[in-house]
Amino acid sequence: MKQSLFAMILALWIASAGLGQTSYWTNSITPGTPEATVDSSSVTLGLQFYSDVPGSVTAVKFYKGPHNTGTHIGTLWTAAGARLAEVTFSGETASGWQQANFSVPVSIAANTPYVISYLAPNGSYAFDPFFSWPALNAAPLHLSNSSPGVYSYGSSASFPASTWNGSNYWVDLVFVPTTASSNLVTYWPSSAVPSIPAVPNDSSSVTLGMQFYADVAGSVTAIRFYKGAENTGTHVGTLWSGTGLKLAEVTFSGETASGWQQANFSSPVNITANSPYVISYLAPQGRYAVDQAYSWSSQNAAPLHASNSSAGVYTYASGSSFPKSVWNDSNYWVDLLFVPAGSSNPSTTYSISGQVSGSAAKVTLSGATSGSVNTDASGNYSFSGLPNGSYVIAPSQSGYTFTPSTSSVSINGGSKTGVNFIATGVPVVPPPVPPPVSHSITLTWTPSISPSISGYNVYRASVSGGPYVKMNSSPIAATSYLDSNVASGQVYFYVATTVQDTNESAYSAQTIAVVPTP
């Protein structure tokens, strides 16, 4: 990046941003360099982080210097670059810490990396290179990389992934941990990773599952599974009774390329205590995650338990089917979300999903809650965590129109799928091309004190120290020279000599000229 290097010493102080809220820095902390005035390019700056516990990101913060002008846009991203939420800053002060609240708090999982960022359209951002990241402590928030300060140049907000000299760009968030009273239970945290994320030699359609029971009655709200990058196709999750009766089914949407995936059932499914059940998903292209000879007896997720000494099960078929075969005590990394009876249920919310064909669009949600997401590589999008109510979905993308332009959706006790749009490209008139910028370099010098000189010669080189090329065809009588044969962004090196009859002096001291861009 376009920055000067300097040493800095900064005392760090961490405190909560309010009751139950956590940030990395208080508003009394200031950067060593409040603004990088040498860099006026549009750039997105961010911070990689994760939390020990689940919760919600409610706002984005950044430190602003007086020349960090323009419209600032804050964004929360997954570690893979999926946009989770976006907000435009308003009512900013001239300098100091700025904060913009997301229209709806964004739920994040425990032990899962995310990126918080903001767009500085005119550069001049705060930064400190060689920042003392190991000394920073804001538990339950943590840094998800040894050099978590990231950036990306571009005219609009884009996913920042580049690093430079361990720099801190002074981007922060407001985080609210989920209260323990929700009592949400899973077998594995999102930080758990299989030994084999994707079996390389099995591409057959197969349903994979886990046999389980609970010590207490409660409800199953969602299904989870670990996905390797080769585990493609439409995944279908199912909850079964121990005898193979299908209790609930859901199709996964808005998946990431790899890692833990989750799909919420349209409504929680009640289960009884100490009764066997099976949770499963269909992998239509195989390439599932697996660990053989898994130590099921050491797995403790009370009140959930494995209901068999070999709890991982499978069945080969083209569609979702009841899995009951076992092999070598394998774990196929299928999980569930369970809420014991009598505790609060954070998953009694729903989702709206669909597809935009023909364009990589931004999709905006308004109504009972609001937000925005970008479609994935296949045009899919999904909004989750939605309460009952009325909503309007609207896609947008520069250079496209959409059919329909908006779609009204009502949620009343169930999720909505298939809210689709078709994008049509429209001609884009290119902006006028600015006229070329011409440059020139004027050289002047002090006249020689010798009374018998006949003029001066000017020489130029493209590297310091030459070789030099003479610019004039005959000695110059004046004490200045105009060089109009120069190019934008180049550096030139000049020397001069005096001419007396047929004799020419040695080169003068070298001078340097830098031509600006454009």
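Modeller: A residue counts as buried when its relative accessible area is under 20%, as exposed when this is over 50%, and as partly exposed in between (1.4 Å probe, protein chains only). The model before us is predicted: local features need pLDDT of at least 70, side-chain atom pairs count only at pLDDT 80 or more, and totals for chains, interfaces and linings use all residues. Residues are numbered from 1 along each chain as its sequence is written, and side-chain values use heavy atoms, with hydrogens and water left out.

Colleague: Why is glutamate 92 called partly exposed?

Modeller: Its relative accessibility is 24%. The term covers values between 20% and 50%, so glutamate 92 belongs in that class.

Colleague: What makes the contact of glutamate 92 with lysine 64 a salt bridge?

Modeller: The term requires a side-chain nitrogen of Lys or Arg within 4 Å of a carboxyl oxygen of Asp or Glu. For glutamate 92 and lysine 64 the N to O distance is 2.9 Å, and the pair therefore meets the definition. The structure holds seven salt bridges.

Colleague: Is lysine 64 buried or exposed?

Modeller: Lysine 64 has a relative accessible area of 9%. The limit for the term is under 20%, so lysine 64 is buried.

Colleague: How do you know that aspartate 335 and arginine 224 form a salt bridge?

Modeller: Their side chains meet at 2.9 Å, N to O. This pair links distant parts of the chain: aspartate 335 is in strand β18 (residues 334-340) and arginine 224 in strand β11 (residues 218-227), 111 residues apart. With relative accessible areas of 0% for aspartate 335 and 5% for arginine 224, each residue is buried.

Colleague: Which class of accessibility applies to lysine 246 and glutamate 249?

Modeller: Lysine 246 has a relative accessible area of 41%, and glutamate 249 is also at 41%. Each value places its residue in the partly exposed class. The two form a salt bridge, with the closest N and O atoms 3.0 Å apart. Elsewhere, salt bridges that share partners join Arg83, Glu86 and Lys362 into one network.

Colleague: Which residue in β5 stands opposite phenylalanine 62?

Modeller: Glutamine 98 stands opposite phenylalanine 62.

Colleague: Why do β14 and β18 count as edge strands?

Modeller: The open sheet of three strands has the order β14-β11-β18, with antiparallel pairing. Each of β14 (259-271) and β18 has a single partner strand, so one side of each is left without a neighbour in the sheet. Nine bridges join β11 to β14, and valine 220 stands opposite valine 269 in β14.

Colleague: What is the form of the peptide bond from alanine 302 to proline 303?

Modeller: This bond is cis, with omega near 10 degrees. Proline 303 is in the loop between β15 (277-283) and β16 (304-306). The bond from threonine 403 to proline 404 is likewise cis, with omega near -10 degrees, and proline 404 is in the loop between β24 (400-403) and β25 (407-411).

Colleague: Why is tryptophan 170 called buried?

Modeller: Its relative accessibility is 0%, so tryptophan 170 counts as buried. Tryptophan 170 lies in the loop between β8 (149-153) and β9, and its phi is near 60 degrees, a positive value in a residue other than glycine. Aspartate 329 likewise has a positive phi, of about 55 degrees, although it is not a glycine. With a relative accessible area of 36%, aspartate 329 is partly exposed.

Key: Two strands pair if DSSP finds at least two bridges between them. Helices (H or I, at least four residues) and strands (E, at least two) are DSSP runs, numbered from the N terminus.
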